[in-house]
Amino acid sequence: MAKATAVPGKKLLFPQDHTLIMIDHQSQMAFATKSIDAVLLRNNAGLVASAAKVFNVSTIVTSVAEKSFSGPVFDEIKDVFPKAEVIDRTTMNSWEDPNIVAAVNAIGKSRIVLAGLWTSVCIVGPALSALDQGFEVFVIADACGDVSDEAHKLAMDRMIAAGAQPMTSLQYLLELQRDWARGETYDATVAASVKHGGAYGLGLIYAKSMFNAQEGH
């Protein structure tokens, strides 16, 4: 018979157990993205980057044809990682770029978290490739986008059918925090939620302003 214990399940993400790869969050790629509003997409990308920064997650930022076509990575990401090397590629599937896989291997973690544009090309490619090579893959669905709702949905369905696990940007942040008594990251988690957490962030502002209330206190 199963017995409950007060410990987190192994299927949850932990800050130290995965590599986050943020792929092609660039202007040209966003212009044709229709499955999510561009402002919301930028906000969610900023939330994911902020979560990775707060919890010191191993992070790879990559672009495609930055100088010749697609433009720079969103400021919401660059502001969080101002000194990060952005690995530029020609391959649509970043997993086929030797510099990307070298970075993944240098970090040496068996879990991969993906977010980027477009879902059906630049996310499906590395997701299926990583799964094929024995990695566990998570996809932050609302920090991805595609040229239509159908393209995004079918891409997510395809990856989930292959074994990828979907999540959202706010879920990613809160799953890494998981306990409001974790004081060393509490303030930064709340700050990221206030800045990028939409209505949830507004709720935090209201509670603090009106009642001096805090999560877990």
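Q: Leaving aside its neighbours within four places in sequence, which residues is His196 in contact with?
A: In this predicted model, His196 is in contact with Asn43, Gly46, Leu47 and Ser50, once neighbours within four places in sequence are left aside. Each counts as a contact because heavy atoms lie within 4.5 Å.

Q: Where is His196 placed, and why is His196 called buried?
A: His196 is in helix α9. Its relative accessibility is 9%, and buried means under 20%; therefore His196 counts as buried.

Q: At what angle do helix α2 and helix α9 pack?
A: Helix α2, residues 38-54, and helix α9, residues 183-196, pack at about 175°, and their axes are 10 Å apart.

Q: What makes α2 roughly antiparallel to α9?
A: An angle over 145 degrees counts as roughly antiparallel. The angle here is about 175°, so α2 is described as roughly antiparallel to α9.

Q: Which residues of α2 and α9 make the contact?
A: From α2 come Asn43, Gly46, Leu47, Ser50 and Val54, while α9 supplies Thr185, Ala188, Thr189, Ala192, Lys195 and His196.

Q: How many residues of the contact of α2 with α9 are nonpolar, polar and charged?
A: The contact has 4 nonpolar residues, 6 polar ones and 1 charged one. Gly is counted among the polar residues.

Q: What does the side chain of Ser129 reach, and which residues is Ser129 in contact with, neighbours within four places in sequence aside?
A: The side chain of Ser129 reaches the backbone oxygen of Gly125 at 2.7 Å. A polar contact needs a pair of N or O atoms within 3.5 Å, and the distance of 2.7 Å meets that limit. Setting aside neighbours within four places in sequence, Ser129 is in contact with Asn93 and Trp95.

Q: How many disulfides does the structure hold?
A: The structure holds 0 disulfides.

Q: Are Cys122 and Cys144 buried or exposed?
A: Buried means under 20%. Cys122 has 4% relative accessibility and therefore counts as buried; Cys144 has 1% and is likewise buried.

Q: What kind of peptide bond joins Leu117 and Trp118, and where does Trp118 lie?
A: The bond joining Leu117 and Trp118 is cis, with omega about -15°. Trp118 lies in the loop between β4, residues 111-116, and α6.

Q: What is the phi of Asp24, and what is the phi of Asn56?
A: Phi of Asp24 is near 60°, a positive value in a residue other than glycine. Asn56, also not a glycine, has a positive phi of about 55°.

Q: Where are Asp24 and Asn56 found, and is each buried or exposed?
A: Asp24 is in the loop between β1, residues 18-23, and α1, residues 27-31. At 0% relative accessibility, Asp24 is under the 20% limit and so counts as buried. Asn56 is in the loop between α2 and β2, residues 58-64. At 67%, Asn56 is over 50% and therefore counts as exposed.

Methods: Residues numbered from 1 in each chain as written. Predicted model: local features only at pLDDT ≥ 70, side-chain atom pairs only at ≥ 80, totals over all residues. Heavy atoms only, no water. Axes fitted to C-alpha atoms, helices over the stretch in contact; angles between N-to-C directions. Helix = DSSP H or I, 4+ residues; strand = E, 2+ residues; numbered from the N terminus. Parallel < 35°, antiparallel > 145°, perpendicular 65-115°, else oblique. Polar contact = N/O pair within 3.5 Å; in protein donor to acceptor, adjacent residues only side chain to side chain. Disulfide = S-S within 2.5 Å. Buried < 20%, exposed > 50% of the residue type's maximum accessible area, 1.4 Å probe, protein only.
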